[in-house]
Amino acid sequence: MHKKLITVLVIVALVLVLLIAGAVGFLWYRDNHVFVEGKAYPIHAESLDLREESISFDHYDQLHKLLPDCEILWNVPFQNGSYSSDSASLTVTTLTDTDIGLMETYFPKLRQVDAAGCSDYDMLEKLCARLPDVKVSYQVNLGTLSVEPDTTELTLEPGDFDLGTLTQNIPHLKDLTGVTLNTTELTLEEIEGLRAQFPEITFTYTVTILGQTYEETATEMDLSSMTSGEVSEVAGKLPMLPELENLNLTDANGSSQLSKEDVKLLQASTNAVIDY
């Protein structure tokens, strides 16, 4: 009987020890971990790599709030994929306010965004403003030609642009101060329209007439070899030279191939003195 009592007491003592040990272990575990959605994380962790797990923004936000000094690596849902939170670069072809907010909040080591395929220039400019330490690579389209957004001077050939796209996107070239339109096919009215719309930018141009290229400031012109069949074309371009003072139509012998009607048509298109 005495032996049975001792045995019972020993068993009770062991159970109590185990219970106490379990309780102590539980309390230690509880006090040395934080818990988010049923998952435990060491409270003194300096870094956690959760990239093998699928966690939500809310899960990360809760964990980051509980462990503000811990570097937490995880896969951030972004656009149509997910990217490591320590990514130094991202590629985008579209951009929203939400996307910018995600970059700002969840990619602390982001240093470059490749946006070569993105044409939402308003959003790209917003991205540059909100993340000034991040290099955003993109170009502004002018038609056929695309240029860097910090371009200060432009030289454009006729095939480089279309007027509608140029007019629409010039405001996204914030540093642009000068545009040269080489051998332009625009009319004087279209160029004056650009000057009126963008007074802070200097627009200059050249025009080609019968194979010769002239600055808009040209004051002298020799078209002594012009034929009657070329008069209509020339008359259409002479208004592009508003400072023209003298137009010579006679050859070395003092003669011309043009008729008086030809000369009248030319005179109607310029204020220059015509030598005929």
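**View 1. Glu-104 and Arg-130 join in a salt bridge.** In this predicted model, the closest N and O atoms of Glu-104 and Arg-130 are 2.7 Å apart. Glu-104 belongs to helix H3 and Arg-130 to helix H4 (residues 121-130), so the pair ties together parts that are 26 residues apart in sequence.

**View 2. Salt bridges link Asp-97, Glu-104, Lys-126 and Arg-130 in a network.**

**View 3. Lys-109 meets Glu-71 in a salt bridge.** Here the side chains come together with an N to O distance of 3.1 Å. Lys-109 sits in the loop between helix H3 (97-106) and strand E8 (112-114), while Glu-71 is in strand E4 (residues 71-73), so this contact ties together parts that are 38 residues apart in sequence. Lys-109 is partly exposed, at 40% relative accessibility, and Glu-71 is also partly exposed, with a relative accessible area of 38%.

**View 4. Arg-51 and Asp-49 form a salt bridge.** Their side chains meet at 2.8 Å, N to O. Are these two residues buried or partly exposed? Arg-51 is partly exposed, with a relative accessible area of 30%, and Asp-49 counts as partly exposed at 47% relative accessibility.

**View 5. The whole structure holds 11 salt bridges.** Among them are the pairs Glu-104 with Arg-130, Lys-109 with Glu-71, and Arg-51 with Asp-49.

Terms used. Residues are numbered from 1 along each chain as its sequence is written. This is a predicted model: local features need pLDDT of at least 70, side-chain atom pairs count only at pLDDT 80 or more; totals for chains, interfaces and linings use all residues. Side-chain values use heavy atoms; hydrogens and water are left out. A salt bridge is a side-chain nitrogen of Lys or Arg within 4 Å of a carboxyl oxygen of Asp or Glu. Buried means under 20% relative accessible area, exposed over 50%, partly exposed in between (1.4 Å probe, protein chains only). Helices (H or I, at least four residues) and strands (E, at least two) are DSSP runs, numbered from the N terminus.
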